[in-house]
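Colleague: Could you walk me through how the helices pack here, and then what the cores look like?
Modeller: Happy to, and we can begin with helix packing.

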Amino acid sequence: MQGHAGTHLVRAHATSHALTGPGPVLPRERREEWEDLLLRPEATRGRGAGTRARPESPDPERTCFERDRDRIVHSTAFRRLAGKTQVVVYPRDHQRTRLTHAIEVAQVATSIARGIGANVALVDAIALGHDCGHGPGGHASEEAFDAFIPEGYDHGPWGADVVLAPLNLCLETLDGIRNHSWSRPAPSTIEGEIVSWADRIAYCAHDLEDAVHAGIVAEADIPAEVAEICGRTRRDQLRTFIRAAIHAVDRYGEVGMEPAEASALAVLRAFNYERIYVRPASLAQSRAVVEVLRALVEFYVEQPDRMPSPAAFDVPADDRVRAAVAYVAGMTDRYAFDRAIAELGWDPDRLPPAS
C-alpha cells in the first residue's frame, strides 16, 4: 500500500476524513508560551534548547524536555530495560520488567504533574530514564558492582552520569534521574520530587500485584492499615496515592503526602520487603546474580579485547575496571547469563534460579 492520492495530499485511508480545519500549528515557542500561562509558578519551564553540557540549537517543534524524553525512549539503554529484572529474573509474560516499571512510573508521575500544574514533559523524561543505570539481575547488581567502584555503584548517578551522558540531556532531567532515590539528595525541581514519589508508589503497588499473581502472597495477607487506607488492589492503591500527592500540593503547597497515606505506603513497602524482596528464594537469586556479575567484570578487566573499546563507554579510556562495569551493567539478564556460560564456562546450574 502506498496510500491514497488526492488533489494535494496522499492519505492513509481511502475513506479518510481527518480534517483539522484552519489554524496554526504549534511550534516550540507557542508551547513555551502555553507553559507560562498554564503551569504553576514553581514549575520548571522549558526554554529554548535547555541547559546542556554541550550547547545545542533549539528544536523547531519540541521543547527541550520533550526532546529529552524522545532521546531517552529511542536510546539503547531504555530498550534494554525490557530484558532487565524488576523483581524476578526470567519474568513470565505478565510480570513486570524494568521497562514496564519505567512506563508505570511515568504514568503515575504525569498524573500527579497534570493534577498540580507541573511540567509534564520533564516529569515524563525523568521517569522514563530513572532506571537506565540498573544492571542485570535487579538491585543485586548494585551490590555486585560496589566491589569495583570506589564511591559505590548507585543506579541513579550511574544512569545520569555514565549511561545517559552521551544523550546530552538537560541538567534538570539528569538531576531528577540522578536523585530519584530517597537516599539521595533532594532533586532540584518539583518535577524531580514528583518522580521520587511516583517511583515508590508504582513499585510498591505493582510488585505486590506481581507477587499476588505468582502466589507468593495473597491479597488477604496485605496489612490491615494498607487495606483500610488504600485498598488491596493495584488500581485502588495507585488512585489513593496519586490523589494524596495532588491533595498535599493543593493544601500545603509542597510535594509530599499527609501522614495517613504516607504511613500506608511505608507499611506496604515494608510488607513487600519482608514477604517478596528478602524471602529465601529472592535472596538465593540475589546471591547468584552477585556471583555471576562479579565474575564477568573480573573476566573483562583481564581480557578487555573481549568487549568493546573503552571509548564506547562514558568512562576514562584507560580505566579498564569502569569500562568492564559499564559493559556488564549494560547487559540484559539473558545476555549476561549467556556470556557467563560462553566466556566463563559457567555451569548453568550456578545461574540465578527462576523464582
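**Helix packing and cores**

Modeller: In this predicted model, the axes of helix α11 (residues 234-252) and helix α12 (residues 259-277) come within 10 Å of each other and cross at roughly 135°. Because of that angle, α11 counts as oblique to α12, and the crossing of α11 and α12 is left-handed.

Colleague: Which residues make the contact of α11 and α12?
Modeller: From α11 the contact takes Q237, T240, F241 and A244, while α12 supplies E261, A264, L265 and L268. By class, the residues of the contact of α11 with α12 are five nonpolar, two polar and one charged.

Colleague: And at what angle do α7 and α8 pack?
Modeller: Helix α7 (residues 155-163) and helix α8 (residues 171-178) pack at about 155°, with their axes 7 Å apart, which means that α7 is roughly antiparallel to α8. On the α7 side G156, P157, A160 and D161 meet L174, I177 and R178 of α8, and the contact of α7 with α8 has four nonpolar, one polar and two charged residues.

Colleague: Switching to cores, how many residues are in the largest nonpolar core?
Modeller: The largest nonpolar core has 61 residues, and those with the most contacts inside it are F78, V108, I194, I201 and F241. Helix α9 (residues 190-213) gives the most to this core, contributing 11 residues.

Colleague: What does F78 touch?
Modeller: Leaving out residues up to four places away in sequence, F78 touches I72, V73, L99, A102, L128 and C132.

Key: Residues are numbered from 1 along each chain as its sequence is written. This is a predicted model: local features need pLDDT of at least 70, side-chain atom pairs count only at pLDDT 80 or more; totals for chains, interfaces and linings use all residues. Side-chain values use heavy atoms; hydrogens and water are left out. Axes are lines fitted to C-alpha atoms, for helices over the stretch in contact, and angles run from 0 to 180 degrees between N-to-C directions. Helices (H or I, at least four residues) and strands (E, at least two) are DSSP runs, numbered from the N terminus. Angles under 35 degrees count as roughly parallel, over 145 as roughly antiparallel, 65 to 115 as roughly perpendicular and the rest as oblique. A crossing is left-handed if the near helix is turned anticlockwise from the far one by less than a right angle, and right-handed if clockwise. Contact means heavy atoms within 4.5 Å. Ala, Val, Leu, Ile, Met, Phe, Trp, Tyr, Cys and Pro count as nonpolar, Asp, Glu, Lys and Arg as charged, and the others, Gly among them, as polar. A nonpolar core is a set of buried Ala, Val, Leu, Ile, Met, Phe, Trp, Tyr and Cys residues joined through side-chain atoms within 4.5 Å. Buried means under 20% relative accessible area, exposed over 50%, partly exposed in between (1.4 Å probe, protein chains only).
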